[in-house]
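Open the model in your viewer and keep the selection panel at hand. The tour goes from one selection to the next and says what is found at each stop.

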Amino acid sequence: MTPHNEADKGAYADTVLLPGDPQRAEWMAQTFLEAPRCINRRRGALGFTGLFRGRPISIQATGIGVSSFLIYVHELLDYYGARTLIRTGTCGSLTAKAKLRSLVISQSAQAESAQSGQVFGLYKAVAGPDPALLSCALTKAVELGIDHCAGLTVCSDIFYHPEGRGRFADAQAAGALAVDMETSALYRIAAHFGARALSMCTVVDNIETDELTDYSERQDLFNDMSRLALAVAVDS
């Protein structure tokens with residue numbers, strides 16, 4: 001056990017999917033995994049392990065933001081021995097290219113500013129997704145007919161920012177497709193531990209147009225993302 005996770009050592013598979021929301025973790029496990037069992041309930045951060053196409057897969061909720069995310073992922077890598085991490089999150093679109101309800105696959109990630117996300121000195125190194133995971137995701141997305149785009153993701157530590165949408169002007173000028181809160185941290189910590197990582201996020205709102213999905217439809221929205229993440233997990 002760790003201070004944040006009650007699972008026994010060996011309870012997690014080598015490959016772990018990482019939704020932020022515990023309800024999404026539970027829905028994914030019950031919908032897609034064979035014989036899922038709950039291995040962590042501590043602090044409400046639900047974790048599950050089951051089988052997908054005969055292969056052990058785990059799903060662990062990480063909460064919101066870098067601080068919570070890094071606690072769970074650090075322990076998965078350092079204590080539980082996870083070697084492949086796939087974020088299955090949500091993001092806000094910064095361009096018409098990343099349509100509402102579509103999927104953004106993060107080919108690269110950068111913090112919102114030089115200061116953002118730099119509190120953890122270990123994770124300053126520039127990092128990106130594992131090339132094999134990325135290549136597999138792009139191929140499988142086409143095969144499965146999933147509406148997606150791939151490119152730069154900008155990451156922010158602050159959801160309610162006093163500067164509003166104007167703070168993303170530089171990111172948009174650089175071609176960023178979307179904003180989330182965890183992808184940059186995922187790529188940095190995975191690089192630090194020598195693990196494989198990929199981030200894919202469902203677009204739930206558009207920063208420019210103020211379009212927003214309703215929370216009641218969000219589990220259904222995650223069907224394509226879950227299918228793709230699991231296909232990558234077993235085929236990469």
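This is a predicted model. Start by selecting Glu217, which counts as partly exposed at 23% relative accessibility.

Next, select Arg53, Lys140, Glu143 and Asp235. Salt bridges with shared partners join these four residues into one network. In the whole structure, a search finds nine salt bridges.

Now move to Arg87 in strand S5 (residues 84-93). Is Arg87 buried or exposed? Its relative accessibility is 3%, so Arg87 counts as buried, the limit being under 20%.

- Asp180: a salt bridge joins Asp180 to Arg87, with 3.0 Å between the closest N and O atoms. Asp180 belongs to strand S8 (residues 178-180), and the pair links parts of the chain 93 residues apart. Asp180 and Arg87 are both buried.
- Glu182: the side chain of Glu182 meets that of Arg87 in a salt bridge of 2.9 Å, N to O. Glu182 lies in the loop between S8 and H5, 95 residues from Arg87. With a relative accessible area of 5%, Glu182 is buried.

As background, side chains of opposite charge can pair when their charged atoms come close.

For the last stop, select helix H2 (residues 65-78) and helix H5 (residues 183-193), and hide the side chains. The helices pack at an angle of about 25 degrees, and their axes are 10 Å apart. H2 is therefore roughly parallel to H5, as angles under 35 degrees are classed that way. The crossing of H2 and H5 is right-handed.

On H2, select Val66, Phe69, Leu70, Val73, His74, Leu77 and Asp78. On H5, select Ala185, Leu186, Ile189, Ala190 and Phe193. How many residues of the contact of H2 with H5 are nonpolar? The contact has 10 nonpolar residues, together with one polar and one charged.

How values were computed
Residues are numbered from 1 along each chain as its sequence is written. This is a predicted model: local features need pLDDT of at least 70, side-chain atom pairs count only at pLDDT 80 or more; totals for chains, interfaces and linings use all residues. Side-chain values use heavy atoms; hydrogens and water are left out. Axes are lines fitted to C-alpha atoms, for helices over the stretch in contact, and angles run from 0 to 180 degrees between N-to-C directions. Helices (H or I, at least four residues) and strands (E, at least two) are DSSP runs, numbered from the N terminus. Angles under 35 degrees count as roughly parallel, over 145 as roughly antiparallel, 65 to 115 as roughly perpendicular and the rest as oblique. A crossing is left-handed if the near helix is turned anticlockwise from the far one by less than a right angle, and right-handed if clockwise. Contact means heavy atoms within 4.5 Å. Ala, Val, Leu, Ile, Met, Phe, Trp, Tyr, Cys and Pro count as nonpolar, Asp, Glu, Lys and Arg as charged, and the others, Gly among them, as polar. Buried means under 20% relative accessible area, exposed over 50%, partly exposed in between (1.4 Å probe, protein chains only).
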